[in-house]
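Please view the sequence and structure first.

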Amino acid sequence: MNNLFPDFNGLKQEKLTNTDQLLTVIPLLKNNKQENSRILLLKIHNKIRSAIFTIYPEKDNSGSEFSGRVIISNLNGEFVNGFRVDNGYIISNFTKKNNNNSTYKTIDLEEVIIPVRLKASKANTAFIFPGDSPGSSLDDYTWNPDYLNGGGGNGGDTKPNDIAKDPCSAAKTTSVDAKSISYSSAKTSIIKASNDGLEHSITLGKDNNGQITQAPMNDGGAYNVPVNSTWPGAFAALHNHPNKTPLSAGDIYTSVKLNIKSGTFTTTYILTDGEVYGIVVTDLAAAKEFVATYPADQLPGQSPEFPDYILDQMLDLVNKMGSSNEGRTTAIAFVLDKHNSGITLLKQDSSGNFQSIKTQETTQANGTKTYTSIPCN
Amino acid sequence: MALKPIPQYLVINTKTKNMKNTLKIFVMMVFLMNYSCKAQQMVQTTKDVYALKTNEQQFINKPLKDLLKEIKPEIKTATGINDNPFFFSFRFTPLEQQKKDEGSKEDRISLYVYLKESFDWHYEKRPKGKELVWTKEDAEKYGNLTVIRIKVIGKD
């Protein structure tokens, strides 16, 4: 278990069907696009059962449904079960081969084609924790690992943002993108256009060679602007806030919508009052859960607002952190982190690098709560 | 029999007495009116803040000052959000208490008043160290903004 390097920050409890028991899911820090593992824990008859659920997406995994191998092992890495998935359906099972003559300690697997195609997104818990308590209800419990719905990672609809990024990695990637000619050109164009007191947006994409491209500018109103989400390879969009206001709840909800629509579209840059802030969806599954749990509160003709529960927590913090653009952004970032929203807020520093806005709350001896920034190493 | 004229000093005295009585009555009426107006304030304590939401329609499309005059407990802090949607967040505990999450549940209630117009509220331009303190001048400055929505959020 020590060699697994669990990412406890990514720990989640996911629902199972036909039971109110929750499955504990812990991703591993070493996860990548080729191999993506999760430790699964489930309490069965007062005993905690564990397994490692690993997916190996196929290279040619361009369909919307997952294709690849799924291997279930115990915490020592010994094979337990496995299956192959093609476009979302289980097409074969892996079983351990009897290989007593083998000189080497390797595991040979036999692949058995299953005539009846089963949907892979509904993983039966009896398959994950086999041989456990015959007669239990495990056969009736299914887990819907949403990262089997298409892709190699952590819960997206499309591949590129399937694997959750940590906020510091997101800041690094965003900093690199922000040093491109297209980013600078888009930023300059928007700042120039913003003299009219309206919002303007430019989408950035990547061509087949990985070069950053720039879509034509969209013009909007005083408090909103349409974003071009169909630009080839779209991964980010810049827009301005002419009234010098900080990034808003509407910007956050829109960022998640854009990422749901297109898996590569993870980043929103906001140009306001001479500063640049960033919103990066670093964990789409968590972001989807956040917006589903806390949907925007919006009156006709108004911009979206956080629902009461989130709004009040945010304003509590604004009063403590200050109502400047920086204070308000830090307050939003803190609340988003507190609720594991899978959304990272960034601010560009004077050298052009983006820094993630992470804050630690400390209660002083007199009861006052203070907030200090946590820098990336 | 000829009537003797009433001495002038007596006339003046009678008039003065009448004026004094009128003044007394006037003062009493003003006092009673003032008292009765205050008694009619919708929010007597922080427990009553929810009444503003219950009677929201009474304040919609009316100036903010109409709503503020219905609140007896002192508003200790206000944060103006001059972004769309535009609103003020009012609190009834001092900032020092807010920083410690102190105060009774009732006093820690939040009142959000959404406004039709954007308004000039800049944290950085407010008096240093008292940025969030709600003053009489603020009530006057922002009193004519139009209320479009009220939210009351408790600390449950």
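Which hand does the link of A:Cys168 and A:Cys376 have? The link is left-handed, with -90° about the S-S bond. This is a predicted model, in which local features need pLDDT of at least 70, side-chain atom pairs count only at pLDDT 80 or more, and totals for chains, interfaces and linings use all residues. Residues are numbered from 1 along each chain as its sequence is written, chains are lettered from A and ligands numbered from 1 in the order in which they are written, and side-chain values use heavy atoms, without hydrogens and water.

**Disulfide**
- The sulfur atoms of A:Cys168 and A:Cys376 lie 2.0 Å apart and form a disulfide (cysteine sulfur atoms within 2.5 Å).
- A:Cys168 sits in helix α2 of chain A and A:Cys376 in the segment after β20 (369–373), 208 residues apart; helices (H or I, at least four residues) and strands (E, at least two) are DSSP runs, numbered from the N terminus.
- Over all chains, a search of the whole structure finds one disulfide.
- A:Cys168 counts as partly exposed at 27% relative accessibility, and A:Cys376 counts as partly exposed at 25%.

**Helix α2 of chain A**
- Buried residues of α2 (residues 167–177) are A:Ala170, A:Ala171, A:Thr174, A:Ser175 and A:Asp177; buried means under 20% relative accessible area, exposed over 50%, partly exposed in between (1.4 Å probe, protein chains only).
- These buried residues line one face of α2(A), because they fall within an arc of 160° seen down the axis, taken from the directions from the helix axis to the C-beta atoms.
- A:Lys172 and A:Val176, on the other side of α2(A), are exposed.
- A:Asp166 caps the N-terminal end of α2(A), with a side-chain oxygen 3.0 Å from the backbone nitrogen of A:Cys168.

Key: A polar contact is a pair of N or O atoms within 3.5 Å; within protein, one must be able to donate a hydrogen and the other to accept it, and residues adjacent in sequence count only if both atoms are side-chain atoms.
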